[in-house]
Amino acid sequence: MGIDIVIVNWNAGAQIYDCIQSIFRHDAGRKQVQNVTVVDNHSTDDSLERLGSLPYRLQIVRNTVNAGFGAACNQGAASGSGDYLLFLNPDTILNADTLDKVTQFLDATTEPVGVVGVQLRNEQGKVSHTCARFPTFASMGVKILGLDKLLPGKFHHYLMTEWPHDTNRRVDHIMGAFYLVPRPLFHQLNGFDEQFFVYLEDVDFSKRVADAGYASYFLADANAYHKGGGTSEQVKATRLMYSLRSRIRYVFKHFAIGQAIFITVGTLVGEPLIRCFHALIKGSWTTVRETTEAYIRLWKRVPGMARGQWRS
């Protein structure tokens, strides 16, 4: 069983160096990993230069613009011939037995598996909530109204925060920080939808995997470290704008048209007021400023989105 690993880099700094070191350190003698491809989305830091000192053979694709996460993943998936593609975030570090556990599961299962994810732990060693239900009209409404934060015991977000992620189980979706897919299935489904510039491209792919009759599995007995938000936490307004735009893209792709319009209006009109109100209650003027900036940028893109231009 061969695995090709694809890492999309955008100003990941030292994190990607540590990530790649963990791959080769633990693959030594096993030869599970066939290729490691780094697709750089026009980083302006020294992350790529750091990789030059590594004694490993890497394939590096240098984009002259930020092509978006899904598009960069597709670029990386175009090379190699491994049986599986592992899309790995640069702020992850594999443990010694992470890939062993995954391959043991794949060898033993008799179900058609489309996606495998592992348990991710943060800097404090706590298990991150990385599994989710597919978004529905109701769960999108809960998110827009902020009910999952106001009354978390009564209203659940699509992220499965009520489950401790302590057992292996089949789920709807596993976040794309560690996202392993059979190569033939990835190509059968035409890879990630590049109309999602960043965020929700993995949820969209998992939905298409499920629709094609394949399962997504979360493995609690396979672990890795994941910092989380490592390459985008410094641009919170930008991150919020892209996540909201991807939400609108998702609902128009997977929801009935009436529901999609309702969610879009709620996202563009009601949600910014609710977000700012919550931020004011907490006394966070920084959050108010970042939220306002994100929505102004989103509103400016609405005419283009209406014309099907999701990547501008």
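This is a predicted model: local features need pLDDT of at least 70, side-chain atom pairs count only at pLDDT 80 or more; totals for chains, interfaces and linings use all residues.

User: OK, holes then. How many cavities of 30 Å³ or more are there?

Analyst: Two. The largest cavity has a volume of about 50 Å³, and the second largest cavity holds about 40 Å³.

User: What lines the largest cavity?

Analyst: Ser22, Ile23, His26, Asp27, Arg30, Gln32, Leu94, Asn95, Ala96, Thr98, Leu99 and Asp100. Helix 1 and helix 4 each put in at least two residues, and helix 1 contributes the most, with four. By class, that lining splits into four nonpolar, five polar and three charged residues.

User: His26 is on that list. Which helix is it in, and what does it touch?

Analyst: His26 sits in helix 1. Leaving out residues up to four places away in sequence, His26 touches Leu94, Asn95 and Ala96.

User: Is His26 buried or exposed?

Analyst: Buried: its relative accessibility is 17%, and the cut-off for buried is under 20%.

User: And the second largest cavity, what's around that?

Analyst: Its lining is Gln195, Phe196, Phe197, Val198, Tyr242, Arg245, Ser246, Arg249 and Trp310. Sorted by class, you get five nonpolar, two polar and two charged residues.

User: Switching to open space. How much space lies in the second largest pocket?

Analyst: About 210 Å³. The lining includes Phe24, Asp27, Lys31, Tyr56 and Arg57. Helix 1 (15-27) and strand 2 (33-40) each supply at least two residues, with strand 2 giving the most, at four.

User: Now the hydrophobic packing. Which residues touch the most other members in the largest nonpolar core?

Analyst: Ile23 and Phe178, in a core of 36 residues. Ile23 touches Ile5, Ile7, Val33, Val36, Leu88 and Leu94, again not counting residues up to four places away in sequence. There's also a second, separate core of 25 residues, with Phe87, Val115, Val181 and Leu185 among its members.

User: What is strand 10 paired with?

Analyst: Strand 4 (residues 84-88): the two run antiparallel and are joined by five bridges. Leu85 of that pairing stands opposite Val181.

User: Next up, Phe105. Where does it lie, and what does it touch?

Analyst: Phe105 lies in helix 4 (residues 98-108). It touches Val113, Val116, Tyr217 and Leu219, with residues up to four places away in sequence left out. Phe105 counts as buried, at 17% relative accessibility.

User: How far apart are Phe105 and Val116?

Analyst: They're eleven residues apart in sequence and 9.3 Å apart in space, C-alpha to C-alpha.

User: Got it. What does helix 5 pack against?

Analyst: Its buried residues pack against helix 6 (147-150), helix 9 (236-254) and helix 10 (257-281). Those buried residues are Ser139, Met140, Val142, Lys143 and Ile144. Just after helix 5, Gly146 takes a positive phi of about 70°.

User: Where's Leu200, and is it buried or exposed?

Analyst: Leu200 lies in the loop between helix 7 (183-188) and helix 8 (201-211). Leu200 is buried, with a relative accessible area of 15%.

Key
Residues are numbered from 1 along each chain as its sequence is written. Side-chain values use heavy atoms; hydrogens and water are left out. On a 1 Å grid over the protein atoms alone, a cavity is a set of points where a 1.4 Å probe fits but cannot get out, and a pocket is an open set with protein on both sides within 12 Å along at least five of seven lines; lining residues have an atom within 4 Å of a point. Grid points are joined across faces, edges and corners, and a volume is the space filled by probe spheres set on the points. Two strands pair if DSSP finds at least two bridges between them. A nonpolar core is a set of buried Ala, Val, Leu, Ile, Met, Phe, Trp, Tyr and Cys residues joined through side-chain atoms within 4.5 Å. Buried means under 20% relative accessible area, exposed over 50%, partly exposed in between (1.4 Å probe, protein chains only). Contact means heavy atoms within 4.5 Å. Ala, Val, Leu, Ile, Met, Phe, Trp, Tyr, Cys and Pro count as nonpolar, Asp, Glu, Lys and Arg as charged, and the others, Gly among them, as polar.
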